[in-house]
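Welcome! Take a moment to look over the structure, and then we will walk through a few of its features together.

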Amino acid sequence: MSVSSYEEKPYATFALQEAELRRLAAMARLHGVDVASPEKCSVLEIGCGTGMNLLPLAERYPESRFVGFDLSGAHIREAQLAASQCHLSNVTLSQDDIGGFSCEPGTFDYVICHGVFSWISPKLQEKLLALCARALAPNGVAFMSYNVLPGWRQRGVLRDVLQTGALAKGRGSSPDEQLEAGMEFLQLVASARSNENDAYGRYLSEGMARLSESHSSYVFHEYLEAFNEPVLFSHFVERAGEQGLQWMCEAKALMMSSDDLGPKVAKYLEGLEGDILAREQCLDVLRNRPFRESLLCHNANALQRDLKAGVFKALEFSTDYREQMTLPNSIVFKEIVSGRAVETPADDHARLLKVLSREHDGQMAFAEMCERAKAEIAANDERAIVGLLLTLWKSGFVHCAVPAMREERVSGERPQCSRVAQFQAVSEGVVTSLRHRSHDLSHQERMCVQLADGTRSVEQIEGEVARVSDEVMAKAALRRVRELGFFTS
Ligand SMILES: C[S@@+](CC[C@H](N)C(=O)[O-])C[C@H]1O[C@@H](n2cnc3c(N)ncnc32)[C@H](O)[C@@H]1O
């Protein structure tokens, strides 16, 4: 990966919902790793880009310590500016190289490294894994994402096409010129193949449509960087193991599920006799998966592979789905970000999701959920609810997190957004909610975020936004910002 490309074409860093510390802690505890509480811990982000994953965490957990570094001076300067404007005194950001970064061994409870491993040379990859192992506390958890085979092999064809076009443009050209030349060439090849009703032509047209909708910094760094080496999951695990790290699980439970793949696959996977790594490798092939977000820990941790109901019940639960309509035999839910509607049979799973989806502002403890579910669910003993929740969690409808040690909400009268969100809302990029998720917001929604600083009532915010648009739009903007989880109240 060439450094100058990030200086010339900075990367747009997003918050990673699955790397929110309370979620990472939940995954670790479910696997028997007693990681430090997010409220009192230390976090290292390697290749932190412009800091927009690390800084919202630093604001949320003021008594924890956050360290981020990146090779790109442009990224680090942007991150430092944001940290100082948001008055974050618990973050240290530096321009550093993976090969040269030094820290006290075993001092970080959480290590996050997103979008770096596959885009550096194999030699530097070894150093990255070694740094993770060295930096991580004995009970720590590391989040690492990387491109995997076989799914990325197919995308590699698009990379070949873009690189051919960029190369023809000449070596001295800027990232934007290379990208333009690459995309033009892709278009040329796709249209040259459009009459051939073949898989290659269809694949190129679909790929072109997908890339045209993606952020240009992502397309450039994913498809035109010098390195982008997808690996077999089993090979990644082996290399991590050599550095003293083992695979714990994927950050999203959904990624480990095979429930939708049918009985033949279930039978085949059962035959692997508890070899979870072989099972995971097979899942990559079955799903043609291109990308993984894995959690790692030290080899010395004895991992708990059978879920303990007691640990699960001690977590808190949330969902990004809201009930839209209840029909005689089904319930329609809406995913709050994409707006996608999902209709499910009105069984106990759907009814439990409905209970949880009414908790708009945050997490629900297990005991509270059982209490609220009493009136809705036929089989409402604790055991049954654990079973329902587990299915919802494994299918991606429910998220788990360790409970907050102290109450996070304040009175609902005067909504307040995070300082980082207010900082982001002023510029054009994405804005991060308190659920640690980045969103493209409309002009009116950005205004709501800027105005929600804890000094104005809901009516005052709506009034000010209505002055530059209209009342209906102002109300809709405020409702959406609240629904996406931007307000502490
Ligand atoms: C694809 S970007 C991902 C950035 C960020 N983690 C995110 O998700 O937005 C890769 C990042 O790795 C950084 N990087 C590349 N090589 C590095 C190295 N040797 N040491 C430190 N950072 C490096 C780049 O500067 C860039 O910010």
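Buried means under 20% relative accessible area, exposed over 50%, and partly exposed in between (1.4 Å probe, protein chains only). This is a predicted model, in which local features need pLDDT of at least 70, side-chain atom pairs count only at pLDDT 80 or more, and totals for chains, interfaces and linings use all residues. Residues are numbered from 1 along each chain as its sequence is written, and side-chain values use heavy atoms, leaving out hydrogens and water.

- His436 has a phi near 60°, a positive value in a residue other than glycine.
- His436 counts as buried because its relative accessibility is 2%.
- His87 also has a positive phi, about 55°, although it is not a glycine.
- His87 counts as exposed because its relative accessibility is 60%.

**A buried arginine**
- Arg435 is buried but has no salt bridge (a side-chain nitrogen of Lys or Arg within 4 Å of a carboxyl oxygen of Asp or Glu).
- The nearest side chain of opposite charge, Asp320, is 4.7 Å from Arg435; here Lys and Arg count as positive and Asp and Glu as negative, while His and the chain ends are not counted.
- A polar atom of the Arg435 side chain lies 3.4 Å from the backbone oxygen of Leu484.

**Nonpolar cores**
- A nonpolar core is a set of buried Ala, Val, Leu, Ile, Met, Phe, Trp, Tyr and Cys residues joined through side-chain atoms within 4.5 Å.
- The largest one has 102 residues, and Leu21, Ile46, Met144, Phe312 and Phe317 touch the most other members.
- A second, separate core of 21 residues includes Leu451, Ala452, Ala466 and Leu484.

**A cis bond**
- The peptide bond from Leu149 to Pro150 is cis, with omega near 5°.

Note on methods:
Polar contact = N/O pair within 3.5 Å; in protein donor to acceptor, adjacent residues only side chain to side chain.
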